Number of protein chains: 2
Amino acid sequence: MDEWIDGRMELMLGAKDIDSCPVRDVLSRVSGKWSTLLLIALSNGPRRFSELKRFAPDISQRMLTKSLTELRRDGYISRKVYPTQPPQVEYALTDEGSSFLEAWQGVVVWAKENRERVHAARRRFDAETGDL
Amino acid sequence: MDEWIDGRMELMLGAKDIDSCPVRDVLSRVSGKWSTLLLIALSNGPRRFSELKRFAPDISQRMLTKSLTELRRDGYISRKVYPTQPPQVEYALTDEGSSFLEAWQGVVVWAKENRERVHAARRRFDAETGDL
DNA sequence: CTGCATCCGGCGCGATACTG
DNA sequence: CAGTATCGCGCCGGATGCAG
């Protein structure tokens with residue numbers, strides 16, 4: 001492998017082999033369809049299960065539970081059960097979760113600012129390749 | 001929907017409904033298994049198809065072509081064909097591509113710094129839930 | 001060398017029904 | 001209200017073979 005790769009990989013990924021790449025390792029868990037959305041939903045304070053469900057009306061109960069469990073497993077959110085009747089469960093962002101959300105902001109901002117450019121590129125590409 | 005949602009969603013996503021969410025819209029294209037890795041590979045200058053193949057030995061030709069095409073469609077990279085025999089194709093990062101990589105850096109850095117914390121959280125979670 | 005077509009397994013995700 | 005279990009679909013991604 002060339003030298004430029006080592007330097008760049010070390011800088012960007014921290015490892016050359018993809019299996020031990022911390023980026024993929026960590027980010028694979030928050031790349032789900034709902035994960036980051038739920039983190040955002042919790043960014044203004046703790047929310048209950050049903051509140052989160054209402055927040056994302058098009059999420060299935062299955063995926064809500066699943067996503068919350070994964071996020072909890074990786075330490076992004078906490079879960080507190082109140083032994084009431086009916087039961088009540090409150091989810092909250094951990095420090096780790098807020099920290100991640102902060103880092104994520106840069107990408108979010110970029111995506112918002114460059115959305116139209118990306119769309120334009122897509123249209124251009126499709127037009128060029130469509131009629132050849 | 002409560003008010004906190006509107007404010008936060010507007011801040012983070014730019015849209016309440018998930019289908020018109022610019023973040024998902026833009027990032028779904030770079031969330032592939034190889035996309036960001038290829039962008040990083042190109043961050044030090046243009047590379048040929050075979051160079052990229054050597055860069056990520058475990059990528060299949062199919063996925064290399066596919067990923068490159070998608071990245072090109074969204075305007076992150078450019079493609080230049082040299083009419084030699086055998087043919088030679090050179091891929092390069094566009095301004096849009098470099099711009100994205102810059103924004104992406106924050107997340108990469110975070111992932112590297114917090115990898116161990118995430119792993120620890122996972123171990124803890126598995127231990128707690130495994131023997132109950 | 002570069003790229004496309006085909007087949008195929010895994011899994012992310014949704015729909016639905018059921019439990020404490 | 002919060003969560004689990006089952007089923008099924010679609011898509012990502014790997015393996016292989018063919019073509020310019």
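How do the residues of the surface near DNA strand C divide into nonpolar, polar and charged? I will come to that after a word on what we are looking at. This is a predicted model, in which local features need pLDDT of at least 70 and side-chain atom pairs count only at pLDDT 80 or more, while totals for chains, interfaces and linings use all residues. Residues are numbered from 1 along each chain as its sequence is written, chains are lettered from A and ligands numbered from 1 in the order in which they are written, and side-chain values use heavy atoms, with hydrogens and water left out.

Let me begin with the DNA. Eighteen, written 18, is the number of residues that surround DNA strand C, and the closest are M63(A), F49(B), S50(B), T65(B) and R79(B), where near means that a heavy atom of the residue lies within 4 Å of the strand. To return to the opening question, the surface near DNA strand C has eight nonpolar, five polar and five charged residues; here Ala, Val, Leu, Ile, Met, Phe, Trp, Tyr, Cys and Pro count as nonpolar, Asp, Glu, Lys and Arg as charged, and the others, Gly among them, as polar.

A polar side-chain atom of W34(A) lies 3.1 Å from a phosphate oxygen of DNA strand C, one of R62(A) lies 2.9 Å from a base oxygen, and one of R48(B) lies 3.0 Å from a sugar or linking oxygen.

Now to the two protein chains. The contact, meaning heavy atoms within 4.5 Å, takes 60 residues from chain A and 60 residues from chain B. The area buried between them is about 5,900 Å², with carbon and sulfur atoms giving 63% of that area; buried area is the accessible area, taken with a 1.4 Å probe, that two parts lose on being put together, summed over both.

Across this interface the rule finds ten salt bridges, each being a side-chain nitrogen of Lys or Arg within 4 Å of a carboxyl oxygen of Asp or Glu. One of these salt bridges joins the side chains of D74(A) and R122(B), at 2.8 Å from N to O. If we look at the side of chain B that touches chain A, its largest share, 22 residues, comes from α6(B), helices here being DSSP runs of H or I with at least four residues, numbered from the N terminus.

How values were computed
A polar contact is a pair of N or O atoms within 3.5 Å; within protein, one must be able to donate a hydrogen and the other to accept it, and residues adjacent in sequence count only if both atoms are side-chain atoms. Helices (H or I, at least four residues) and strands (E, at least two) are DSSP runs, numbered from the N terminus.
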